[in-house]
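Q: Hi! Could you walk me through this protein as if I were new to structures?

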Amino acid sequence: MTTKIEKAGPVDAPPPAPESIKAIPVRHYGRWVAAIIAIALIVLLISAFARGDVNWNAIPDYFFDGEVLRGVRNTVWITVLSMVVGVVLGIVLAVMRLSKNPVTASIAWGYIWFFRGTPVYVQLLVWFNLGLVFDYINIMPIYKDEWSDFMTPFLAALLGLGLNEAAYMAEICRAGIQSVDEGQSEAAQALGMSHAKTLRRVVLPQAMRVIVPPTGNEFINMLKTTSLVIAVQYWDLLQATSEVGQNSGATAEMLFLAAAWYLILTSVLSVGQYYLERYYARGSSRSLPDTPLQRVRANLLSLGNRSGGIGA
């Protein structure tokens, strides 16, 4: 048996490798122009303040003045108390607004409509000047006193800020409660839990992820809104710096000092808001991003490992 062997033809040569594509990035001239304009404006602003008649030494001299520190303490105190009133009353109003009872739902809607529809500055003045309408406050079995003694600047500031904030917190809490799936409530009620217990143990913990971020913003906004309580003669940061400025003759400098204190306080609150949001995001994110401190620590460790490898 013979086997026919065919002669193989010439092998085709492999195709030439394609030339590498050189990507040329698009030049964004507009970005450079915008950056130059922004830097020029900042330089002009700094130059203007440098040429102005500003006694910059007065700011560090009075930064820790006793009256200023008392104003800072009172500002933080009225901020915290007003937010407590706003959050607690806001949760109650949100539950009333979502109630199937038309009376309670209408009352909550009317409260929110009124307090969100009128400026907080006007509300502060109304509370402070109610003594022109009422001579006495008379809660028959509990309390009776002259209105001027009852409505102190502190109480007028607390009511004006806290009741106004409750209207905004009611809408925030309502949005958070409605973000929780109704199946959660139905499952809890199927297990025999009451409506109040379902709200406290099931709905609100899940709604906090939605409620916390805007509440943090409201807290920071409340800190700045407290500057309006100067209208009711409450001794806050702005009132303190204004008094010190009038007595020392450094009026503008003390306003800069007040701005610096507000920036410090809002920065502290922003850091607290970040970690609080991170805490409530644990149930919705599989892996949380590193905190700024963790990123700094990781960068330092990587630098240390690189330097150790080079030395070895």
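A: Happy to; below we go from the overall layout to the helix contacts, the cores and a loop.

Q: Thanks! Before we start, what kind of model is this?
A: This is a predicted model, so everything we discuss is computed from the predicted atoms.

Q: How many helices and strands does the protein have?
A: The protein has 12 helices and 2 strands. Reading from the N terminus, the order is α-α-α-α-α-β-β-α-α-α-α-α-α-α.

Q: And what share of the residues is buried?
A: Of the 312 residues, 29% count as buried.

Q: What about contacts between residues at least 6 apart in sequence: what share of them join residues at least 24 apart?
A: That share is 72%.

Q: Let's look at some helices. How do α5 and α7 cross?
A: Helix α5 covers residues 120-128 and helix α7 covers residues 153-178. Their axes come within 9 Å and cross at roughly 140 degrees. The two helices are therefore oblique to each other, and their crossing is right-handed.

Q: Which residues make that contact?
A: From α5, the residues are Val120, Gln123, Leu124, Trp127 and Phe128. On the α7 side they are Pro153, Ala156, Ala157, Leu159, Gly160, Leu161, Leu163 and Asn164. Sorted by class, the contact has 10 nonpolar, 3 polar and no charged residues.

Q: New topic: which residues in the largest nonpolar core touch the most other members?
A: They are Ile78, Ala157, Leu161, Ile177, Val229, Val232 and Tyr234, in a core of 28 residues. The elements giving two or more residues to this core are α3 (66-97), α5, α7 and α9 (195-225). The largest share, 9 residues, comes from α7. Another core lies apart from this one; it has 15 residues, among them Val68, Val244, Ala250 and Ala258.

Q: Can we zoom in on Leu161? What is Leu161 in contact with?
A: Setting aside neighbours within four places in sequence, Leu161 is in contact with Ile78, Ser82, Val120, Leu124, Met222, Thr225, Thr226 and Val229.

Q: Where is Thr226, then?
A: Thr226 is in the loop between α9 and α10.

Q: Is Thr226 buried or exposed?
A: Thr226 counts as buried, because its relative accessibility is 0%. Beyond neighbours within four places in sequence, Thr226 is in contact with Thr75, Ile78, Thr79, Leu161 and Asp236.

Q: How far apart are Thr226 and Thr75?
A: Thr226 and Thr75 are 151 residues apart in sequence, yet 6.6 Å apart in space, C-alpha to C-alpha.

Q: Last one: what is the phi of Gln233?
A: Gln233 has a positive phi of about 65 degrees, although it is not a glycine. For context, most residues other than glycine have a negative phi. Gln233 also lies in the loop between α9 and α10, and at 57% relative accessibility Gln233 counts as exposed.

Note on methods: Residues are numbered from 1 along each chain as its sequence is written. This is a predicted model: local features need pLDDT of at least 70, side-chain atom pairs count only at pLDDT 80 or more; totals for chains, interfaces and linings use all residues. Side-chain values use heavy atoms; hydrogens and water are left out. Axes are lines fitted to C-alpha atoms, for helices over the stretch in contact, and angles run from 0 to 180 degrees between N-to-C directions. Helices (H or I, at least four residues) and strands (E, at least two) are DSSP runs, numbered from the N terminus. Angles under 35 degrees count as roughly parallel, over 145 as roughly antiparallel, 65 to 115 as roughly perpendicular and the rest as oblique. A crossing is left-handed if the near helix is turned anticlockwise from the far one by less than a right angle, and right-handed if clockwise. Contact means heavy atoms within 4.5 Å. Ala, Val, Leu, Ile, Met, Phe, Trp, Tyr, Cys and Pro count as nonpolar, Asp, Glu, Lys and Arg as charged, and the others, Gly among them, as polar. A nonpolar core is a set of buried Ala, Val, Leu, Ile, Met, Phe, Trp, Tyr and Cys residues joined through side-chain atoms within 4.5 Å. Buried means under 20% relative accessible area, exposed over 50%, partly exposed in between (1.4 Å probe, protein chains only).
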